[in-house]
Amino acid sequence: MSRFVNPFTDLGFKVIFGQPASKGLLITLLNELLAGEHHIEDLCFLDKEDHADNVHDKGIIYDLYCRTDSGEYIIVEMQNRWHSHFLDRTLYYVCRAVGRLTELPPPDTIKIPVEKDTDGMVCESSVPYGSRYRLSTVYGIFLMNFKEDGLDKKFRTDIVLADRDTGRVVNPHLRQIYLQFPYFNKELAECETLYEKLMYALKNMNDWNRMPDALKEQVFKYLDQLAAVANLSEENRIAYDKAVDRYRVSRIVEEDIRREATEEGREKGREEGREEERLSNALKMKAKGLDYETISDITGLSIQEIEKLGIDDRRDEGKL
């Protein structure tokens, strides 16, 4: 048993980042992820289940949903296993959060405020109509313990709304950050920044019996205390043991699926190779003038299949 909780289990992630006592650690993580772009002084956790439109989404929409002291909304999600349409789902959640920033009545019920000018004539209010659409930024940050085919083969992918030709950001209010941990391959000695050290710790801490001496920053002393299995309450310890069991089972299932897919791919490749070899041999026999019955007996191809061999090639060469 590791000294530290596994951050890629649901309860382990909540222990490290999702409780009031861990708010400082979450702020540090977010500030490192958004360095040079945004700095968070404080944040509050929001009730994620209030944002579930579908009963099947209850409890799983956001691992963390919070608002910063300056009004930005941040979704932080940990995903241990790949599932179909993962990128579509994460985009949907971020867009839905953006949509909830302003609740507008139907267009035909909007009443335009009026006022009288100095001549007593009625005129429209000077309040700009578009001001009601002013948005706060919504960040979606997704920690992934798997590789997603829809993303480039790298650890971090940042998504912005930008001009396709110039790359200039057109609207800064929707941001997505995908972190594919299987692609984070740095050793601790290669980690120069606090950001890199945090990513290294998250990926490897479940294998540690003690915090490495090289992680001297105060945040890791706090992580040492917060994530220690021994410090869990009895209730959380029972829940964590169950979460670890689910995690291990899911990994075994995933490995079996990948192994079966790999073996099926190999078998398919071998079968395709055998088929190509049969066709090639039959074509050579046909070129040497062997009768079709003999070729069929040797290769197992039907007479019709043998008759068609070479026709397409000759047509392409202008021979037919």
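**Close-up views of a predicted protein model**

**View 1. The whole protein in outline.** The protein has nine helices and eight strands, where helices (H or I, at least four residues) and strands (E, at least two) are DSSP runs numbered from the N terminus. This is a predicted model, in which local features need pLDDT of at least 70 and side-chain atom pairs count only at pLDDT 80 or more, while totals for chains, interfaces and linings use all residues. Residues are numbered from 1 along each chain as its sequence is written, and side-chain values use heavy atoms, with hydrogens and water left out. Of the 320 residues in the protein, 37% are buried, a word that stands for under 20% relative accessible area, with exposed meaning over 50% and partly exposed the range in between (1.4 Å probe, protein chains only).

View 2. Six strands form an open sheet with mixed pairing, in the order E1-E2-E3-E6-E8-E7; two strands pair if DSSP finds at least two bridges between them. Strand E1 (43–45) and strand E7 (156–162) are the edge strands, each pairing on one side only. E7 and E8 pair in the antiparallel sense over six bridges, and Thr-157 stands opposite Tyr-178 in E8. Helix H3 (residues 86–99) packs on the sheet, touching strand E2 (64–68), strand E3 (73–79), strand E6 (138–144) and E8, where contact means heavy atoms within 4.5 Å.

**View 3. Arg-175 in strand E8.** Arg-175 lies in strand E8 (residues 169–180) and is buried, with a relative accessible area of 7%. The side chains of Arg-175 and Glu-37 are joined by a polar contact of 2.8 Å, that is, a pair of N or O atoms within 3.5 Å, of which, within protein, one must be able to donate a hydrogen and the other to accept it, and residues adjacent in sequence count only if both atoms are side-chain atoms. Leaving aside neighbours within four places in sequence, the residues in contact with Arg-175 include Tyr-139, Asp-158 and Val-160.

**View 4. Leu-198 in helix H4.** Leu-198 is found in helix H4 (residues 194–204) and is buried, with a relative accessible area of 6%. Apart from its neighbours within four places in sequence, Leu-198 is in contact with Thr-28, Leu-29, Glu-32 and Phe-220. Leu-198 and Phe-220 are 22 residues apart in sequence, and their C-alpha atoms are 8.4 Å apart in space.

Definitions and conventions: Axes fitted to C-alpha atoms, helices over the stretch in contact; angles between N-to-C directions.
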